[in-house]
Amino acid sequence: MIHKYTLNGFRIVLDTHSGAVHLFDEAPYDLLDYLTDCVPAQMPEAAREALTPKYGTQKLEEAYAELLELQEAGQLFSADDYQQFADMMQDAPIKSMCLNIAHDCNLRCAYCFAAQGDFGKGRMLMPFSVAKAAIDFLIRESGTRHNLEVDFFGGEPLMNFDVVKQTVLYARSIEKQHNKNFRFTITTNGLLLDDDKIQFINQEMSNCVLSLDGRKEVNDRLRVCADGKTGSYDLIVPKYQKLVRERSKDKDYYVRGTFTKYNLDFVKDVLHMDALGFDQISIEPVVSDPQLSYSIQEEDLPAVFAEYEHLAQEIITRTKAGKCFNFFHFMIDLNQGPCAIKRLRGCSCGNEYVAVTPEGEIYPCHQFVGDDQWIMGNVLDGTYDRAMKNRFAHANIYAKETCQNCWAKFYCSGGCNANNQHYEGDILKPHKIACDLEKKRLECAIMIQAALSE
């Protein structure tokens with residue numbers, strides 16, 4: 001299986017199963033149109049007749065020999081060595097947990113998947129007793145894993161910051177006796193940041209996700225305070241800048257934005273965030289209910305694709321000038337890449353990753369929270385649905401029919417299970433718009449590496 005495309009003057013060919021990426025001249029690139037699943041020993045007559053007038057016999061034969069050589073090296077039309085592992089994938093010890101420390105928020109973002117903070121369950125804060133039980137659950141269910149991850153999430157976790165601190169201190173106090181090492185992350189809208197919180201976050205959080213949609217007018221259109229009127233941009237940007245400025249280089253952060261139909265020129269928002277001093281940036285599309293006026297839909301994709309290409313070109317130009325930022329969705333490793341299990345199963349929600357609510361309920365991930373059919377148990381009473389865990393363990397690309405013959409399958413790993421469920425009604429049925437967006441981002445990411453390797 002191969003994928004061929006042209007972008008920014010490059011003729012790019014990806015061999016799906018080996019992961020090999022090739023930059024071809026015109027002749028071998030055109031020859032691929034006459035090949036289906038292999039490079040036969042002899043050039044197909046149809047290819048010879050069609051392309052000899054354009055390239056001449058010698059050049060065409062040399063191009064065909066190049067294709068044969070790549071196939072023999074296992075870098076073109078390579079066999080699928082991954083499917084054999086699909087049936088071996090069992091449930092695994094948990095390694096990461098999302099703690100919904102606050103089902104409340106001081107913003108009322110229109111596009112919020114969490115029903116503006118309460119996940120449709122009523123506003124509440126997680127008591128320390130629940131957070132403590134969740135940490136104990138994670139340690140117990142992590143088996144022999146040493147490195148564990150906990151993400152403080154909401155709603156807005158800073159609304160319950162005392163419990164955040166208590167939870168971190170509790171985990172730190174017992175990690176050595178259990179041979180564990182905790183890595184903490186917090187996702188915040190920034191409104192409640194102050195010097196003390198910034199100091200604690202920069203000391204204890206290995207990663208920090210800062211929500212900002214870009215330009216003031218874009219951010220303040222949908223990211224408004226609880227009064228439904230006041231924009232958040234002026235209140236949060238100086239705090240973010242202080243946090244990032246004081247953050248040590250060995251700790252991660254990124255500024256995460258959201259773009260909608262209202263700002264299909266989202267490259268301006270990415271560049272604005274860069275100008276503010278943020279060099280770790282993510283911006284993602286809203287692809288929710290088509291009834292929502294701002295949701296990205298099928299008809300918007302050509303404009304979005306063009307904007308991704310624009311962003312890719314900006315990154316190339318800035319990188320060559322030595323002053324670029326990292327864009328989360330263009331960061332791929334074409335040399336090593338993720339392990340086989342990661343390629344087949346993606347984020348491991350419901351299996352190696354779970355979310356816990358303020359009432360102690362366990363869900364496959366934070367995006368399933370609020371939908372009772374996906375409750376896996378409760379950290380307070382010891383219940384845990386291992387059959388559901390096993391179901392998610394087997395939710396890999398070979399269980400997803402539309403993924404099996406997709407050239408991008410080892411990069412997206414079947415997409416987000418929660419999005420699949422919300423928009424297609426089945427965790428095993430990938431959401432088409434999300435798939436199309438991922439493929440375009442991947443094409444751009446490969447092209448960027450091609451351009452920077454020149």
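Guide: Here is a walk around helix α5 and some of the elements that cover it.

First, the ground rules. The model is predicted, so local features need pLDDT of at least 70 and side-chain atom pairs count only at pLDDT 80 or more, while totals for chains, interfaces and linings use all residues. Residues are numbered from 1 along each chain as its sequence is written, and side-chain values rest on heavy atoms, with hydrogens and water left out.

Start with the helix itself. α5 takes in residues 161-175; helices here are DSSP runs of H or I with at least four residues, strands are runs of E with at least two, and both are numbered from the N terminus. With 15 residues, α5 reaches 21 Å from its first C-alpha to its last, close to the 21 Å expected at 1.5 Å a residue (the expected span is 1.5 Å times one less than the number of residues).

Now look at what α5 hides. Its buried residues are Phe161, Val163, Val164, Thr167, Val168, Tyr170, Ala171, Ile174 and Glu175, where buried means under 20% relative accessible area, exposed means over 50% and partly exposed lies in between, with a 1.4 Å probe and protein chains only. Keep in mind that an α-helix has 3.6 residues a turn, so residues three or four places apart point the same way. Contact, by the way, means heavy atoms within 4.5 Å.

Take α6 next. The axes of α5 and α6 come within 12 Å and cross at roughly 30°; axes are lines fitted to C-alpha atoms, for helices over the stretch in contact, and angles run from 0 to 180 degrees between N-to-C directions. The two helices are therefore roughly parallel to each other, a label for angles under 35 degrees, with over 145 counted as roughly antiparallel, 65 to 115 as roughly perpendicular and the rest as oblique. α5 passes α6 in a left-handed crossing, meaning that the near helix is turned anticlockwise from the far one by less than a right angle (clockwise would be right-handed). On the α5 side, Phe161, Lys165, Val168 and Arg172 make the contact, and they meet Lys197, Phe200, Ile201 and Glu204 of α6. Phe161 and Val168 also turn up among the buried residues of α5.

Another helix in the cover is α4. Its 14 residues should span 20 Å at 1.5 Å a residue, and its end C-alpha atoms are 20 Å apart, which agrees. α4 buries Val130, Ala131, Ala133, Ala134, Ile135, Phe137, Leu138, Ile139 and Glu141. After α4 comes glycine 143, with a positive phi near 60°.

The loops on either side of α5 deserve a look as well. Most residues other than glycine have a negative phi, and most peptide bonds are trans. In the loop between β6 and α5 sits glycine 155, and the peptide bond from glycine 154 to glycine 155 is cis, with omega near 20°. In the loop between α5 and β7 you'll find asparagine 179, whose phi is near 55°, a positive value in a residue other than glycine.

β4 and β12 run parallel, joined by four bridges; for two strands to pair, DSSP has to find at least two bridges between them. Opposite cysteine 98 stands alanine 355 of β12. Strand β12 (residues 353-356) is covered on both faces, with Tyr353 and Ala355 buried on one side and Val354 and Val356 buried on the other. β12 is also joined to strand β13 (residues 361-363) by two bridges, this time antiparallel, and valine 356 stands opposite isoleucine 362 there. β12 and β13 make a hairpin with four residues between them, and in the turn glycine 360 has a positive phi of about 90°.
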